[in-house]
Amino acid sequence: MCIYKDLEQYVSQSILPQYDAFDGGHKRDHAEAVIRESLVLAREHGADEQMAYVIAAYHDLGLRYDRETHHIRSGEILMADERLRQWFTEEQLLIMRDAIEDHRASGKNPPRTIYGAIVAEADRQIIPETVIARTMAYSAKLYPAGDFETLYARSREHLLEKYAEGGYMRLWLHSERNVRSLEELRTIIRDENRLRALCEQWYRSESI
């Protein structure tokens with residue numbers, strides 16, 4: 001299935017540019033990557049690709065307000081967008097809102113629908129180097145005057161809390177890609193010398 005041409009144009013011109021104002025781990029390239037993976041998963045699980053496309057495009061827009069409630073705010077932004085009603089019914093929009101609310105990695109309850117599971121799985125983006133770079137970028141946002149040791153300490157603590165064995169992140173669809181990548185990331189996290197080297201590589205590239 002192809003995405004409606006006018007819907008794709010609207011999202012490309014009016015929605016995705018909003019990500020340009022967000023932190024380094026949530027720029028437009030992140031939204032585009034979540035869109036691509038969501039469409040793959042939607043096809044694999046027989047879900048509506050138009051809905052999966054928009055859910056992925058809107059899933060982090062609430063970051064314009066704050067990080068803690070961004071998943072709720074993102075759903076509100078979707079529901080308030082009258083343009084979407086030319087492509088979707090109210091029932092579809094409510095399902096899409098719920099999916100956006102359910103995508104957050106720290107959520108303790110499983111997603112309410114397949115769409116929530118799709119965007120949550122797509123949002124994980126467990127490419128080890130990308131995860132580490134995004135984590136360092138967010139640490140730099142939290143501590144803009146922090147030196148490498150400050151950023152590394154915060155990043156390592158977060159990676160252990162979220163991705164290590166027993167961490168709070170959950171895979172709801174257990175896609176082969178994410179399962180394999182998560183194990184690779186855990187191997188890096190266990191090897192502090194390797195983790196430190198990757199963090200130093202990011203820090204040097206950002207300091208040039």
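1. Helices here are DSSP runs of H or I with at least four residues, and strands are E runs of at least two, numbered from the N terminus. Leucine 185 belongs to helix H9 (residues 176–190).

2. Some housekeeping: this is a predicted model, where local features need pLDDT of at least 70 and side-chain atom pairs count only at pLDDT 80 or more, while totals for chains, interfaces and linings use all residues. Residue numbers start from 1 along each chain as its sequence is written, and side-chain values use heavy atoms, with hydrogens and water left out.

3. Back to leucine 185. Its relative accessible area is 0%, so leucine 185 is buried (buried is under 20%, exposed over 50%, partly exposed in between, with a 1.4 Å probe and protein chains only). Leaving aside residues up to four places away in sequence, leucine 185 touches Ile126, Pro128, Val131, Ile132 and Tyr163; contact means heavy atoms within 4.5 Å.

4. Aspartate 102 sits in the loop between helix H5 (90–101) and helix H6 (114–124). Aspartate 102 counts as buried because its relative accessibility is 16%. Its side chain reaches the backbone nitrogen of arginine 112 at 2.9 Å. Beyond four places in sequence, aspartate 102 touches Pro111, Arg112 and Ala120.

5. Helix H4 (residues 70–80) has buried residues too, among them His70, Ser74, Ile77 and Leu78. The cover over the buried residues of H4 includes helix H3 (49–58) and H5.

6. Now the largest pocket, at about 540 Å³. Of its 24 lining residues, Arg67, Ala105, His158, Lys162 and Tyr168 are the closest to the centre. For reference, a pocket is an open set of points on a 1 Å grid over the protein atoms alone, where a 1.4 Å probe fits, with protein on both sides within 12 Å along at least five of seven lines; lining residues have an atom within 4 Å of a point. H8 gives the most to this lining, with five residues. By class, the lining of the largest pocket has five nonpolar, eight polar and eleven charged residues.

7. The second largest pocket has a volume of about 370 Å³. Helix H2 (28–45), H7 and H9 each give two or more residues to its lining, and H2 has the largest share, six residues. Nearest the centre, out of 19 lining residues, lie Ala33, Arg36, Gln125, Ile127 and Thr130.

Technical notes. A polar contact is a pair of N or O atoms within 3.5 Å; within protein, one must be able to donate a hydrogen and the other to accept it, and residues adjacent in sequence count only if both atoms are side-chain atoms. Grid points are joined across faces, edges and corners, and a volume is the space filled by probe spheres set on the points. Ala, Val, Leu, Ile, Met, Phe, Trp, Tyr, Cys and Pro count as nonpolar, Asp, Glu, Lys and Arg as charged, and the others, Gly among them, as polar.
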